[in-house]
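Work through the exercises below with the model in view. Each task is followed by its solution.

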Amino acid sequence: MATAIKQKFVYLFQEGSKDMRDLLGGKGAGVAEMTRAGMPVPPGFTITTEACREYYRGGRKFPAELWGQVEAALMSLEEQTGKRFDDEQNPLLVSVRSGAKFSMPGMMDTVLNLGLYERTLRALTELTGDERFALDAYRRFIQMYGKIVKGIDGDRFEEALTEGKRHAGVRSDPELTPDQLRELVKAFKAIYQKETGEEFPDDPKHQLRGAIESVFASWNTPRAVAYRRLERIPDDLGTAVNVQMMVFGNMAENSGTGVAFTRNPITGESQLYGDFLLNAQGEDVVAGIRDTEPISALDKRMPEVFREFQDYAGKLEQHYRDVQDLEFTIERGKLYMLQTRSAKRTGEAAVNIAVALVEEGLISREEAVARVEPRQLEQLIHPRVDPSAKAEPIGKGVPASPGAATGEAVFDADRAEEWGQAGRAVILVRVETNPSDVHGMIAARGILTSTGGTASHAALVARGMGRPCIVGASEIAVDLKARTLRAGGATVSEGEEITIDGTTGNVFLGKVPTIEPKPSRNFQTLLGWADGIRKLEVWANGDYPRDAEKALENGAQGIGLCRTEHMFMEEERLPIVRAMIMAETTEEREQHLAQLLPIQRGDFHGILQAMSGLPVVIRLIDPPLHEFLPNYEELVARTSELRATGREPERLAELETVMARVESLREVNPMLGLRGVRLSILYPEITRMQVRAILEAACDLKQEGSDPRPEIMIPLVGTLAELQAVKAELLPVVKAVQEEKGVEVHYKFGTMIEIPRAALTAGEIASEAEFFSFGTNDLTQTTFGYSRDDAERAFIVRYLEQKILKVNPFETIDRPGVGRLMALAVTEGRASRPDLEVGICGEHGGDPDSIAFCHELGLTYVSCSPYRVPVARLAAAQAVVAERADSTE
């Protein structure tokens, strides 16, 4: 029988390259490439990401062949360095570092100075002639090994170190004498023994095995999992482990360590940017234990080393054609390069660097467009908390709409509106919002709710308005009756200032400095390149002329969703809407609708005028009627109070009438009840009024010289017969208005595909619909059978943690289910009507991954919040770039 070929789990640095990133991780591929380029890289080897995956597949056990390969690599390392592991004359000490395919700064674990114990400590002391250095290296190793490999609370060691410095009367670690460090080593070992019940290990191979396993295990720590979810990094990639000969920056004043970027990662300015420390190890720079010096100061301290480092930095940026994040150590005047990887950067820097690299001839425009993460653009179009501000959040929720805002906490919509109109900055704080809160949301600088998810009412409306919003802040207790919120040990009363950051989900006490957005010339240049590449049009969701103006400012090519029900919620018209709903006869209802007609006509006149020459999709009334009436539970409480006290009998009778109507309209499942097209069929007078208002506004504008292009959407259609019935009511209105005005305007009738049956019968429906717009929020709900708000509050997070769901389907389109229905609808709809316009107007229209899918389906456009239009423009271009890259592979 032939023996199975061994799987190669370990690569020496000289065996790898930058093209092996999937297998060696970013760090391993980087050091391999620097080694191949002849740079001074301490020798070492990389344990592959596949070994990590095998570790987890095997129930957190090393693959059978791994340790033998590690020992063989160790022997090779000994030959290269002339040092020996566990040698009492010239010991080999190593670092053990993580290195995933995608950079995850600070998320996983590192162990330095591995291989030290009493015997090798003596050898290191004799070799260097520096007992202080050797003891300092040993205490660091005990601390890191105890914390990372054994899970000992790091504060235990930090407290002992602080106490040691206090007792010695010194401020920094390098000031500790050998005797003081020896006492500190004893204290660290005592902590280790107390916490683990065992002596600190004196077998370097035992130490190495434990450290490798701890790096594997760090792939699935809560912080790493949370980071991957935020950055949308797959959970099944695993991390590589890099084992590398130690070089020491803490040997003397001619030694040091640092981290530097080839360009400023905050602004994109073309200059070396970073920090270094003399007589220190790498974690000292990262941890902020000591005050660092700017990298430019190295030129004065060690000019030759600085010039050498500068030369390597330039070569690496040219080689990778991107900004590099570099780690280095200087040991007794000799420079060693420890890491190169593409640098993390702010949105401003990402844009500036991408454009600069094109202008320098390093990359193409397509590459520049692909380099900028679409979500980074949000940093440039929304205010954000100043990253240099010294402020700790008192609580955190789900970031639902980006941007930062400061204002006085207000706990009801009426007061928010009152204070806002008086010129006061307010943050509306609610347990949850509903349509009756819209006037307060309009007046507020930002919205904070303790419940709800990213597709809740608060989130949807806030994104449409461009207001910062945090939802699902469950650790924040909102007491509407007391008008307070409690979080992080603080109590905030109404009128006290808070700051919210809808980009991160952080809530701060008081006023925190923010940075206002300033889209630059480079921002416009990059988006211009994106527009020249993309095939998808980008439209915007907007209900008011101000939304249209913001959409045009951000480059939108149409309005993909104008929701008429938001207009109904405004203060001066809500009483008319409620009276219309309370009406007992059609005639009475039509009287109230006649009052609404000129108001609606003005609404449509404004938005069609703003978008002259561009399409405006106007959705006829969609939500259940009870949403426009007072809350049922509040009515019960108020009427009960009036009955009990015997006060205000006339008011009681009025509220009882309203409550009876609310009760008659209440539904077990309103989302699937009397709404959308069903309302149009049962109450055709409502949509007749709306269509008349749309056409009258369009005809007036045409006479004024504008070019209005209304597209009338009939929502929630599930059968061809429903669409036919509603069109039969509305087409005569269109004809009558045009005849009355003596004007013909360009218009369309279409529908929203938001329930599975509509997608499954799209071929039939397209015979009557001139356009489709996917309402993916509801299509996701009806396909999964999830109630959006309930699911996000109750179990979506757990599903994501347990990998039952790979992504939240309300954030990114579920391709196998919802996406399959969309593909069927596009194919069959266009088979029936080849010129069918197809778009998407759900929240997914602003999600880059969903935009890529829409490009694959061949949609006409995506529609999103006016504030996310730049994000969608860039993402649509990136979908084309990715497609071209796939076709050439």
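**Exercise 1: a sheet and its edges**

Task: find the residue in S17 that Val 398 stands opposite.

Solution. Val 398 faces Val 471 of S17. Strands here are DSSP runs of E with at least two residues, and helices are runs of H or I with at least four, both numbered from the N terminus. This is a predicted model: local features need pLDDT of at least 70, side-chain atom pairs count only at pLDDT 80 or more, and totals for chains, interfaces and linings use all residues. Residues are numbered from 1 along each chain as its sequence is written, and side-chain values use heavy atoms, with hydrogens and water left out.

Next, take the strand pair. S13 and S17 (residues 469–471) run antiparallel, joined by three bridges. Two strands pair if DSSP finds at least two bridges between them.

Now widen the view. The open sheet has eight strands, ordered S12-S22-S21-S14-S15-S16-S17-S13, with mixed pairing. S12 (395–396) and S13 (398–401) are the edge strands; each has a single partner, so one side of each lacks a neighbour in the sheet.

Contact means heavy atoms within 4.5 Å.

**Exercise 2: an enclosed helix**

Task: is helix H35 largely enclosed or left open?

Solution. Start with the count. Seven of the ten residues of H35 (residues 848–857) are buried, so the helix is largely enclosed by the rest of the structure. Buried means under 20% relative accessible area, exposed over 50%, partly exposed in between (1.4 Å probe, protein chains only).

Name them: Pro 848, Ser 850, Ile 851, Phe 853, Cys 854, His 855 and Leu 857. Then look for their partners. They pack against H34 (815–832), S30 (837–840), S31 (861–864) and H36 (869–888). Just after H35, Gly 858 has a positive phi of about 80°.

**Exercise 3: cysteines**

Task: how many disulfides does the rule give?

Solution. A disulfide is a pair of cysteine sulfur atoms within 2.5 Å. The count is zero. For Cys 841, the nearest cysteine sulfur is that of Cys 854, 11 Å away. Cys 841 is buried, at 4% relative accessible area. For Cys 864, the nearest is again the sulfur of Cys 854, 11 Å away. Cys 864 is buried too, at 3%.
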